[in-house]
Amino acid sequence: MSEIEARRLKAEEVGHEKLILNLGPQHPSTHGVLRVITTLEGERITEAEPDIGFLHRNFEKIVEGWTWSQVIPLTDRNDYLANINNEHAYVLAVEKLAGIEVPERAEYIRVIMSELNRIASHLLTFGTFAMDMGAFTPFLYGFRERELLYDIFEKVTGARMMHNYVRLSGVRNDLPDGWDKEVLEFLDRLENDVIPDYYDLLIKNPIFEARSLGVGVLTKEDAIAYGAAGPILRGSGIDWDLRRDMPYSIYDRFDFEVITREEGDHYARFMVRMDEMIESAKIIRQAFEQMPEGPVMGKVPRVLKPEGDIYSAVEGPRGEIGVYLVGDGNFKPYRVKWRAPSFSNLSILPLMAKGQFVADIVLTIGTLDPIFGEVDR
Amino acid sequence: MNWELLGFAFLTGMLLYSAFKVVTTTYITHAAIYLAFTFVALAGFFLMLSANFLAAVQILVYAGAVVALVVFAIMLSQRQDYSGKPIEETRTEKIERTFGSQYWGALPLVIAAGVAAIMIVIYRQVVAAGYWTSEPGPALEDSTVAIANELFTKYLIPFEVVSLVLLAAMIGAIILTKREGQR
Amino acid sequence: MLGGVLGNVYNATKSLIKGHLVTLKELRTPKITVHYPDERLELPLGSRGMPALKVNQDTGLLNCTACGVCARECPVDAIEVEAVVGEKGRKKRYPAIYNLDMTHCMQCNLCVEACPFDALEMSDAFEISRYDLDDLIFDKEQLAEIWKTHKAVRITGGEKL
Amino acid sequence: MPEWVMAIIKILIVLAFIGLNGMFLIWAERKVAGFIQARIGPARVGRPQGFFQLFADAIKMFSKEDVRPAAADKWVWWFAPVVFFTPVAMAFLVLPFGPNVIGLDMNIGLIYLAAVASFALLGVFMAGWGSNNKYSLLGAMRAGAQMISYEIPLILATIGVIMITGTLSTQGIVEYQVAHGWNIKTQFLAFVVFFIAMLAELNRTPFDLVIAESELTSGFFTEYSGIRWGMFMFAEYTNIFVMSALAVTLFFGGWASPFGLVGSVLIFLIKTYAIVFLIIWIRWSVPRVRIDQLMTLGWKFLLPLSLFNIVFTGLILLI
């Protein structure tokens with residue numbers, strides 16, 4: 001007996017008429033391949049159960065057969081919207097484990113690229129959230145800006161998405177000449193033209209406000225209990241950002257604010273992302289000012305056989321990307337555990353979906369913004 | 001060719017067949033859809049009688065709104081699950097199983113056609129005998145205005161009373177259908 | 001209360017009109033769409049397509065010595081190398097077979113970084129779709145051909161583009 | 001020429017117009033959407049603006065396989081596009097294209113239009129039920145709630161115009177406006193209500209909950225393909241044209257020219273397509289509302305407003 005039949009029988013026993021609706025895995029708005037089994041009463045959801053694993057590709061086991069440096073291109077594919085952040089997380093962990101030194105300039109480049117990637121990811125989230133709400137145009141505006149940003153990425157890393165740019169002890173290559181000007185131009189345009197347009201087009205729209213204000217509220221307690229991360233945590237009013245609270249790399253040298261909102265609804269989570277883009281721009285500007293000249297690659301030991309275990313985490317666009325590594329003195333990792341923020345964020349969905357309209361669960365998935373490369377790994 | 005007669009025959013057939021199906025079909029949604037077609041055929045009769053306004057109102061109120069509400073009520077109250085008819089057995093097979101031959105499926109059509117034929121004969125006889133040959137009503141222009149004038153002068157009080165009764169019925173229905181906890 | 005409602009209506013209308021003006025403005029802005037097969041974007045230097053085998057300009061031979069480092073470094077085992085050791089007239093080892101399986105390759109640049117002999121480069125050849133999977137396994141002649149016909153650049157560690 | 005030949009010719013003209021207009025609007029929507037979204041839209045077939053895309057689309061639609069879900073309610077499923085399409089075509093009977101270009105100048109023109117429009121709901125129901133698909137069913141339920149709720153303000157909004165012009169005939173309304181100026185001047189409130197209700201009747205964004213591709217995939221026509229899907233599309237876009245034409249007739253003087261020139265079919269079409277553009281423009285600018293917000297807007301805002309408009313117009317007329 002399939003689970004749907006079982007649910008139907010259960011519903012019949014209770015004597016209520018319930019409609020079991022399968023959202024996904026092939027559904028235009030489930031980000032990636034998420035299947036949510038929802039039980040409906042009219043248009044209200046009484047129960048929602050996410051079913052994941054359609055994109056499972058055994059990341060953690062595969063890398064046990066690869067050398068330490070071979071893993072880097074694969075980390076790109078975990079959260080494919082935050083490639084540099086993922087590479088950064090992994091590389092930081094290995095560097096800590098093996099005690100590798102990183103040159104100053106490489107640290108700055110890593111920070112700049114990570115923050116740019118955060119902006120790219122939030123631009124996409126802006127777009128997909130608008131599309132979940134039925135507004136198609138902001139989606140394409142978000143994508144347009146992101147594409148321009150990817151052009152900038154391509155000039156440095158040689159690829160638009162799967163950069164494979166961060167290396168143990170540094171980054172693969174130095175920034176090309178004049179690249180910083182391009183980035184700063186993009187940031188100026190983003191802050192002065194693009195984001196105000198977004199405000200006019202979508203965020204101040206009365207329908208947008210009606211759909212997002214006070215909907216899908218996540219309380220502080222629940223956010224902590226479910227291990228929410230990133231903008232979802234901060235949207236519920238918890239002031240926690242790894243970049244400030246557990247500074248890694250060189251984040252303690254920058255002056256930026258951690259955006260929090262008290263309400264915990266769709267609007268709050270959405271606005272946290274919008275404001276974080278501006279904070280990221282701030283960090284990038286400071287980084288360009290402070291950046292020293294010098295090499296971008298340090299010395300990597302010829303034979304890399306670290307021993308011991310380590311947990312290290314970075315703040316990705318979706319929250320804490322944690323990497324737990326165990327090395328047994330071999331040229332391959334003994335165990336890699338990937339703490340994906342989307343996974344823990346998605347676990348809140350059943351709680352938040354209860355009592356919502358069908359239309360709102362789509363928005364809830366939109367603000368949780370899970371990336372299935374990362375959820376299923 | 002008498003176009004009027006042809007139209008009458010068509011409408012009669014449609015009306016009788018769909019009315020027959022409303023009560024005999026086993027699927028309640030189908031019944032509602034047949035009901036809509038019955039109303040449309042009825043509107044066709046109004047049109048033939050030059051009562052344009054009534055025909056339009058017939059479609060607007062009955063075929064449009066009432067049937068929609070009926071379908072709504074069906075969908076909201078149905079106890080069975082939502083799968084339509086069983087797919088194992090086609091209609092032809094079912095008829096064959098019940099009657100022994102699939103050709104019995106045409107029975108309602110035959111009956112409808114027969115009744116339609118009888119109606120046409122009667123119509124012709126009656127018309128030929130001159131019973132119904134009243135003068136054609138007043139010119140078309142006045143139909144709407146005439147109805148409005150009647151409604152708002154002569155029948156004003158009954159009209160308002162009916163609307164009040166309907167309102168009361170509506171509120172009553174809402175209260176009755178609300179579940180205990182929601183009151 | 002009525003005033004509040006009217007104020008809301010006013011604000012909503014105003015912001016709706018503002019939003020519509022944004023889309024109206026976009027009607028006239030220049031489009032960034034590129035009609036791909038007819039027009040192409042200039043790829044930046046170092047844009048990664050598929051790897052190519054570098055040919056020595058003077059001798060016309062491959063730089064590759066078939067040492068097999070790239071094959072070992074490749075995470076997805078896309079490279080297959082077999083060496084021939086010194087025939088007459090040629091000093092170095094050279095590859096008898098050098099196959100690159102583009103059905104596996106993820107264009108990560110790791111083989112180029114590993115190569116100690118300046119024999120591999122990332123070319124900007126990205127239009128590599130074929131009707132047959134077997135055609136996606138490139139042998140050494142094809143890889144050299146790609147190096148000759150495409151812009152290729154080698155980035156190994158830390159230098160500027 | 002006998003009357004029935006004329007009738008058949010007229011029907012053919014209307015069908016040809018529906019086909020061409022539907023294809024043109026689909027193309028125009030894609031083009032406008034493209035330009036609004038910083039793209040260029042269709043540009044391949046018939047360069048440079050992709051005008052022949054509409055024929056390519058039509059050919060594709062006709063040649064695609066007509067897939068019927070195994071568990072569909074066969075006849076209901078089969079008839080739904082027909083029931084949805086017919087009323088739309090019937091509406092052309094009373095649209096006043098020009099001074100003498102009208103199918104039939106009925107004295108109940110507006111009520112005829114309302115009746116015909118209300119019948120399309122049955123097609124939606126049949127499609128939603130017959131597909132035997134939960135998304136379709138939800139879409140049909142939403143369609144029912146939405147269309148019933150918004151038909152009332154839609155019709156009530158026209159009553160103000162009827163009271164002023166004193167006729168239900170569409171041609172009569174236009175002739176009144178030729179003599180007395182456009183109704184939009186006196187009936188602005190009615191126009192606002194009419195326009196919002198019209199968007200909802202047409203299932204266009206921001207009221208496209210019936211289709212709601214992010215929630216219900218495609219609502220009631222999720223299961224349709226090929227020409228059957230095409231019929232829904234044609235009906236939908238023709239409906240946009242009909243409703244815009246109705247708005248022009250009621251509020252913008254129909255075929256009357258604004259500058260005192262002779263009115264003509266061309267002016268009527270220009271006005272109508274201007275409204276169509278407005279509808280397309282709105283679609284690509286706003287998000288979608290939720291079902292409860294839709295109901296609230298319809299019953300608590302538009303209905304009182306349209307009633308107020310009637311009372312107000314009546315008072316003015318009395319004084």
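# Reading a predicted four-chain model

Guide: Start in chain A, where A:Thr38 sits in strand β2, residues 35-41. Keep in mind that this is a predicted model.

Visitor: Is A:Thr38 buried or exposed?

Guide: A:Thr38 has a relative accessible area of 0%. The cut-off for buried is under 20%. A:Thr38 is therefore buried.

Visitor: Which residues does A:Thr38 touch, once its neighbours within four places in sequence are left aside?

Guide: Its contacts are A:Leu19, A:Ile20, A:Leu21, A:Leu23, A:Ile45, A:Glu47, A:Ala48 and A:Ile361. Look at the last name on that list. A:Ile361 is 323 residues from A:Thr38 in sequence. In space, their C-alpha atoms are 9.5 Å apart.

Visitor: On to chain B. How many helices and strands does chain B have?

Guide: Chain B has 7 helices and 0 strands. Along the sequence the pattern reads α-α-α-α-α-α-α.

Visitor: What share of chain B is buried?

Guide: Of its 183 residues, 25% are buried.

Visitor: How do I read the contacts of chain B by sequence separation?

Guide: Take the contacts in chain B with a separation of 6 or more. Residues 24 or more positions apart account for 59% of them.

Visitor: Can you give one case? Where is B:Gly13 found?

Guide: B:Gly13 belongs to helix α1 of chain B, residues 3-24. B:Gly13 counts as buried, at 18% relative accessibility. Outside the four places on either side in sequence, B:Gly13 contacts B:Ala112 and B:Ala116. The C-alpha atoms of B:Gly13 and B:Met119 are separated by 9.7 Å. Along the chain those two residues are 106 residues apart.

Visitor: Where is C:Ala66, and what is its phi?

Guide: C:Ala66 lies in the loop between β1 (51-53) and α2 (69-73) of chain C. Its phi is near 60 degrees. C:Ala66 is buried, at 6% relative accessibility.

Visitor: And what is the phi of D:Ala38?

Guide: About 65 degrees, a positive value. D:Ala38 is in the loop between α1 and α2 (53-63) of chain D. With a relative accessible area of 5%, D:Ala38 is buried.

Visitor: Staying in chain D, where does helix α3 bend?

Guide: Helix α3 of chain D, residues 74-91, bends by about 30 degrees at D:Ala80. A proline, D:Pro81, follows within four residues.

Visitor: How should I read which side of a helix a residue is on?

Guide: An α-helix has 3.6 residues a turn, so residues three or four places apart point the same way. With that in mind, look at the buried residues of α3 in chain D. Among them are D:Val76, D:Trp77, D:Ala80, D:Val83, D:Phe84, D:Pro87, D:Val88 and D:Ala91.

Visitor: What covers the buried residues of α3 in chain D?

Guide: The cover includes α1 (3-36), α4 (109-130) and α9 (226-251) of chain D. It also includes α2 (28-48) of chain B.

Visitor: Is D:Ala143 buried or exposed?

Guide: Buried, with a relative accessible area of 0%. D:Ala143 is in helix α5 of chain D, residues 134-165. Leaving aside neighbours within four places in sequence, D:Ala143 contacts D:Leu121, D:Val124 and D:Val210. D:Ala143 and D:Gly128 are 9.4 Å apart, C-alpha to C-alpha.

Visitor: And D:Ser63, buried or exposed?

Guide: D:Ser63 has 58% relative accessibility, and counts as exposed. D:Ser63 lies in helix α2 of chain D. Its C-alpha is 7.0 Å from that of D:Gly226, 163 residues away in sequence.

Visitor: Now domains. Which domains does chain C have?

Guide: The assignment gives domain 1 (1-32) and domain 2 (51-153). Their centres, taken over C-alpha atoms, are 58 Å apart.

Visitor: Last topic: cavities. How is empty space found?

Guide: Rolling a probe the size of a water molecule over the atoms shows where empty space is left. Here the count is 9 cavities of 30 Å³ or more.

Visitor: Which residues lie nearest the centre of the largest cavity?

Guide: C:Cys74, C:Cys105, C:Gln107, C:Cys108 and C:Cys111. They belong to a lining of 15 residues.

Note on methods. Residues numbered from 1 in each chain as written. Chains lettered and ligands numbered in written order. Predicted model: local features only at pLDDT ≥ 70, side-chain atom pairs only at ≥ 80, totals over all residues. Heavy atoms only, no water. Helix = DSSP H or I, 4+ residues; strand = E, 2+ residues; numbered from the N terminus. Buried < 20%, exposed > 50% of the residue type's maximum accessible area, 1.4 Å probe, protein only. Contact = heavy atoms within 4.5 Å. Bend = angle between axes of the 7 residues up to and from the residue. Domains from an automatic or database assignment. 1 Å grid on protein atoms, 1.4 Å probe; cavity = no way out; pocket = protein on both sides within 12 Å on 5 of 7 lines; lining within 4 Å. Points joined across faces, edges and corners; volume = space filled by probe spheres on them.
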